[in-house]
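Hello,

Here is the structure for you to look over. My notes follow below it.

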Amino acid sequence: MNLHRPSVPAQYSAVPNTEAPIQSEALATYLATKVLEKKATNVVILDMRKLASYTDFFIIASASNRRQVQAIANSLRKMDAEEAGYSANGTEGLEAARWVLVDFSDAVVHIFDEQLRGFYDLDGLWSDAPRIETPNVDPIEEEEEEEDLSLIHISEPTRRTPIS
């Protein structure tokens, strides 16, 4: 697919020049990174270029519950086009949130709840597809405001004696 699209951030790009057209493998790696940052598990990137005409890569990921499936899918859908250089063309399954598909044309992200992933077994169905190494990413922790405890005076506990 030779459509010109803005590039992904340089650290994820397989192309040194960030003004060059995005490479589908760089997109797949970038999307896998975003999914991993949202604490997805068992993330696999499948190279579909020789097996399917409708996409170049599948990114398959698991989430521990439906809320996490939705959170991961929504984060992909809401990626800033300037940040990602790409935006989702379509999303399926978001309401049920058991298996959500987010389509980026050159890469399709499948987010499963853990139980349903084993049932559909896309990994096994596409076992002929070469695997691409997934990036090592630490999940992004939501920043919590630290409470300023410097003004709190801690005293010894008051001893209570029973009334007789």
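Strand β1 (residues 41-47) and strand β2 (residues 57-63) run antiparallel, joined by 5 bridges. Strands here are DSSP E runs of at least two residues, helices are H or I runs of at least four, and both are numbered from the N terminus. Two strands pair if DSSP finds at least two bridges between them.

This is a predicted model: local features need pLDDT of at least 70, side-chain atom pairs count only at pLDDT 80 or more, and totals for chains, interfaces and linings use all residues. Residues are numbered from 1 along each chain as its sequence is written, and side-chain values use heavy atoms, with hydrogens and water left out.

Back to β1. Val44 stands opposite Ile60 in β2. β1 also pairs with strand β6 (residues 131-132), antiparallel, over 2 bridges. There, Leu46 has Arg131 as its bridge partner. β1 is largely enclosed by the rest of the structure, because 5 of its 7 residues are buried (under 20% relative accessible area; exposed is over 50%, partly exposed in between; 1.4 Å probe, protein chains only).

Next, His110. His110 sits in strand β5 (residues 107-113). His110 counts as buried, at 4% relative accessibility. Contact means heavy atoms within 4.5 Å. Leaving out residues up to four places away in sequence, His110 touches Phe58, Ile59, Ile60, Ala61, Trp99, Val100, Leu101 and Leu122.

Last, Ala26. Ala26 belongs to helix α1 (residues 24-37). Its relative accessibility is 4%, so Ala26 counts as buried. Ala26 and Ala107 are 81 residues apart along the chain, with 9.9 Å between their C-alpha atoms.

Best wishes
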